[in-house]
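Here is a short report on one protein chain. Look at the sequence and the structure first, then read on.

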Amino acid sequence: MRGVFGKNLKLALHDVRPLYGAAFTMAISLNAWWTTMPFIVRNIGGSEDHVGYAWAANMLGYLVCLLLAGTALGRHNPKNTTRIASVIIFVSSLMMSIVVYMVFSKELVGNITLIWTVIAVGTVAGAAMALFWPFLMSWVSEDFEGPTLNRRLGTYNGAWSSAALVGPMLGGILVEANTVFPIVFAATSMIFCFLLLNVANDGSNRSSLFSDQDDKSVAGCENIAVPKRLRWMARISLFSSWACLGVTRSQFALLFTDLGYSETCFGIMVTIFGICNFAMMTAVGRSSFWHFKSVLLLAVQVLLSVPLFLIIYGRSLSIFALSLIIMGCGFGFAYSSHLYYGACGSKKRSIQMVIHETTLSLGIVVGSGAGGYFAKNLGLYWPYWFALILLAFGFIIQLILLQKGKYTRELVK
């Protein structure tokens, strides 16, 4: 009996579940850290454009290293690369906490060199994520198709998105108590992430990020190859949703506190977003009725415009809460759709994971970076108008793709 129990325990520790745990700990670290980054930058003397550049630089580092990895790294063991990533992010957060502590202890608030040092350290942490998320997603989804793939990706999405249920609110509480605390919390979370990756063993040695050689079974997909049209429509929705997130998670934080609300309250607002995002990802991960329904991707573009109007014209907590509820639902569907359409039937699935991460990081770079520039030079509400223009442009491109697909089918008939 003891032998059976020991065997079951060993299997529990060495199957895919530690990967879900690693996704959760990484995500809760990033949620607490980057939800509070606008306040951290502001507290050390940074302006609106510094706030926008901080997250934009973080994701730009991620984007650049994704592209470099895609051309140079070749085959790598996901277990090794993800552990290296967690170590680099741990060191980066430790360095940032030291710099921020120095700013306050030596009364160097407003020192431009230290502000840019914080941004630079955040860029290194972003670059390290290129060794984590694509490898982890490829590892989790290895050798699965159809409903099984959808369920496994749904569980993975639920794992990392559930961190948004507590991370932002916890970050808000911590930064209101002390500016350094959320960064220290991020570093501590990396220790647990590293430990979980150590015990995970689910085909790591077989997984390859950029060198998938074997054809994947396409059971459960509507066609032998997932339609490129749907992938591109989903890609536009993914980019748009993350651009909106880049604006709201950076500039809205400052606007929200300028209206008289606290950092903790902002953390609660972002938690509301996280709850809806988690609920949507969990729902679509356990159902398939939405597969290959392109009209839903058009609806996402329209849905995401509503919270931006609410932020522009709203002033009350209830309006802001409603805006983040709507954004969370649209964001969750856009993310899950692109992840599924990219993975389903793909012969080079891990390449699709890199495209997925590249798309969302581009959205953050554009949304946060441009948002910071517009807020600093044109006005506090210009970032949201910019995001609305992006959504409208994306909607038009989706319509063109949809009409082109209908025209092609008519010619075939």
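Which residue forms a salt bridge with Arg 42? The partner is Glu 263, and the closest N and O atoms are 2.6 Å apart. A salt bridge here is a side-chain nitrogen of Lys or Arg within 4 Å of a carboxyl oxygen of Asp or Glu. By this rule the count comes to one salt bridge. Arg 42 lies in helix α2 (residues 17-43) and Glu 263 in helix α11, so the pair ties together parts that are 221 residues apart in sequence.

This is a predicted model: local features need pLDDT of at least 70, side-chain atom pairs count only at pLDDT 80 or more, and totals for chains, interfaces and linings use all residues. Residues are numbered from 1 along each chain as its sequence is written, and side-chain values use heavy atoms, with hydrogens and water left out.

**The whole chain**

The protein chain has 15 helices and zero strands. Both are DSSP runs, numbered from the N terminus: helices are H or I with at least four residues, strands are E with at least two. Of the 413 residues, 58% are buried. Buried means under 20% relative accessible area, exposed over 50%, and partly exposed in between (1.4 Å probe, protein chains only). Contact means heavy atoms within 4.5 Å. Among contacts between residues at least 6 apart in sequence, 88% join residues at least 24 apart.

| Residue | Relative accessibility | Class |
|---|---|---|
| Arg 42 | 29% | partly exposed |
| Glu 263 | 15% | buried |
| Phe 278 | 26% | partly exposed |
| Ala 279 | 43% | partly exposed |

**Helix α11**

Phe 278 lies in helix α11 (residues 263-285). Leaving aside neighbours within four places in sequence, Phe 278 is in contact with Gly 158, Ser 161, Ser 162 and Leu 165. The C-alpha atoms of Phe 278 and Ala 159 are separated by 8.6 Å, yet these residues are 119 apart along the chain. Ala 279 is also found in α11.

**Helix α9**

Helix α9 (residues 181-199) has 19 residues. From first C-alpha to last, α9 reaches 28 Å, close to the 27 Å expected at 1.5 Å a residue. That expected span is 1.5 Å times one less than the number of residues. The buried residues of α9 include Pro 182, Ala 186, Met 190 and Leu 197. Seen down the axis, the buried residues of α9 fall within an arc of 160°, so they line one face of the helix. The arc is that of the directions from the helix axis to the C-beta atoms.
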